[in-house]
Amino acid sequence: MANSNLGKAKAAKNDEFYTQYADIEKEMNAYLDFDADVFRDKVVLLPCDDPEWSNFTKYFAQNFDKLGLKKLISTSYAPDAKPKELNLQMSLFEQESPKFDKKKARTNGRVFTLERDRNGDKKINFDDIEWDYLKGDGDFRSDEVRALRDQADIIVTNPPFSLFREFLAWILESDKKFVIIGNQNAITYKDVFPLIKENKIWLGNGFTRNMAHFYTPYVPYSKWIEQEGENVVRVAGVQWFTNIDHGKRHQPLQLMTKADNKKFSKHKEVKGVGYQKYDNYDAIEVPFTDAIPSDHKGVMGVPISFLSKYNPEQFEIIGMCENQDLYGLKTKKYASTECKAAYTAKFGKPGTYDLNASGVVTIGGIQEKVYQRILIRHRKVAK
Ligand SMILES: C[S@@+](CC[C@H](N)C(=O)[O-])C[C@H]1O[C@@H](n2cnc3c(N)ncnc32)[C@H](O)[C@@H]1O
């Protein structure tokens with residue numbers, strides 16, 4: 001297999017993570033707690049799903065009446081379009097249906113819809129779902145799935161991770177409400193971060209400690225993935241991305257002053273040390289979200305995990321430390337000779353230390369590039 005094909009195969013494996021019911025329920029409850037009518041009279045679309053056994057379809061179908069939905073639509077991707085080794089079997093539901101078509105069952109996507117009480121039991125739930133084959137393979141970029149998107153009010157799914165960027169762009173071009181799962185790294189994407197900065201999209205309520213458990217047929221193959229049981233893996237750095245409001249983003253972080261952090265912080269990097277100023281940004285380095293000082297007037301560099309605690313009434317996002325100075329915040333750009341000298345000083349051998357990639361602090365005469373940082377400011381500084 002050529003290298004680029006290997007890369008694609010690895011990416012496709014990343015796409016086969018299936019979400020647990022409890023995680024979907026917990027996340028949707030956060031939106032419902034904030035606005036009990038958030039789904040009322042809405043058309044909800046679940047693309048990139050496998051409706052017969054997806055927990056997204058199960059959750060919305062079982063709660064159809066409680067949520068007051070107008071219509072639920074979910075679509076799946078054709079088995080032949082998925083990695084071959086998945087060896088997907090057709091479900092009995094499909095095989096026993098009068099609509100069953102042996103060829104289409106492999107090559108076509110499917111669409112499931114729920115909007116009326118078909119069996120007359122005075123409830124609308126999973127048993128009332130209707131289905132059909134799509135004309136194509138169910139790719140979210142196809143005209144037919146795009147048309148379903150345009151009918152929807154809210155889009156909810158765990159999209160293929162390898163196509164996250166494209167999937168988000170696909171939602172945004174339609175100007176819909178959405179709740180989707182993605183890797184935490186997506187925060188720093190050039191086409192995602194500006195939307196977070198402008199409070200057009202934000203992180204959802206979230207997984208506990210940003211760790212998600214997914215069902216997957218694959219054994220772990222990356223340091224971010226750990227086996228947790230048969231066909232269940234734990235993946236680090238997973239977030240919900242959304243543009244629907246929830247309570248957590250209005251809870252202020254409880255913070256100490258600079259002086260108190262220096263005296264009482266639980267972090268050795270802060271306790272007795274305080275805060276350092278970057279050499280290349282007019283900002284201080286705050287290595288932990290809970291060490292943000294309540295009384296700092298200027299800009300502060302914080303880890304990207306800060307965003308899961310971000311309250312837009314408490315903080316303003318100014319930009320991010322990154323190479324291209326997209327937010328015009330750098331006070332210094334390092335020449336390549338400086339990057340080379342910094343490498344030799346730090347590691348004692350020739351090389352290049354890309355100081356322009358993030359904030360830089362000088363410790364004991366050695367320049368240190370800090371981890372990826374978001375630059376923020378208090379809206380109202382504590383006295
Ligand atoms: C991360 S999984 C999540 C599945 C389901 N939403 C869940 O959370 O249980 C993403 C799904 O999208 C499918 N997929 C991959 N590429 C796709 C595409 N271009 N269009 C639609 N679906 C795709 C994958 O085969 C996989 O089933």
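Strand β4 and strand β5 (residues 130-133) pair in the antiparallel sense over 4 bridges. Here strands are DSSP runs of E with at least two residues, helices are runs of H or I with at least four, and both are numbered from the N terminus. Two strands pair if DSSP finds at least two bridges between them. Before I continue, please note that this is a predicted model: local features need pLDDT of at least 70, side-chain atom pairs count only at pLDDT 80 or more, and totals for chains, interfaces and linings use all residues. Residues are numbered from 1 along each chain as its sequence is written.

Within this pair, Thr113 has Glu130 as its bridge partner in β5. Thr113 is also the bridge partner of Ile73, and strand β3 (residues 71-76) pairs with β4 in the antiparallel sense over 5 bridges. Is β4 mostly covered or mostly uncovered? Strand β4 (residues 110-114) is mostly covered, with 4 of its 5 residues buried. A residue is called buried if 20 or more other C-beta atoms lie within 10 Å of its own, exposed if 12 or fewer do, and partly exposed in between, with C-beta atoms placed from the backbone.

Inside the order, strand β9 (residues 211-215) and strand β11 (residues 232-236) are joined by 5 bridges and run antiparallel, with Phe214 opposite Val233.

The other open sheet has 5 strands in the order β13-β14-β15-β19-β16, and its pairing is mixed. Its edge strands, β13 (276-277) and β16 (315-320), each pair on one side only. β16 pairs with strand β19 (residues 373-378) in the antiparallel sense over 5 bridges, and Ile317 stands opposite Ile376.

The largest nonpolar core has 88 residues, and Val44, Phe60 and Ile374 have the most contacts inside it. Such a core is a set of buried Ala, Val, Leu, Ile, Met, Phe, Trp, Tyr and Cys residues joined through C-beta atoms within 7 Å. It draws at least three residues from each of domain 1 (3-250) and domain 2 (258-378), the bounds coming from an automatic or database domain assignment. Leaving aside residues up to four places away in sequence, Val44 touches Phe39, Phe60, Leu69, Leu72, Ala152, Ile154 and Val156; contact means C-beta atoms, placed from the backbone, within 7 Å.

Phe60 leads us to helix α3. Why is α3 largely enclosed by the rest of the structure? Because 6 of its 8 residues are buried, namely Asn55, Phe56, Thr57, Tyr59, Phe60 and Ala61.

Finally, the ligand. It is surrounded by 21 residues, of which Tyr18, Thr19, Cys48, Tyr77 and Asn158 are the closest; a residue is near if its C-beta atom, placed from the backbone, lies within 6 Å. The elements giving two or more residues to this shell are β1 (18-19) and α3 (55-62). By class, the shell has 9 nonpolar, 6 polar and 6 charged residues. Ala, Val, Leu, Ile, Met, Phe, Trp, Tyr, Cys and Pro count as nonpolar, Asp, Glu, Lys and Arg as charged, and the others, Gly among them, as polar.

Key: Two residues are in contact if their C-beta atoms, placed from the backbone, lie within 7 Å.
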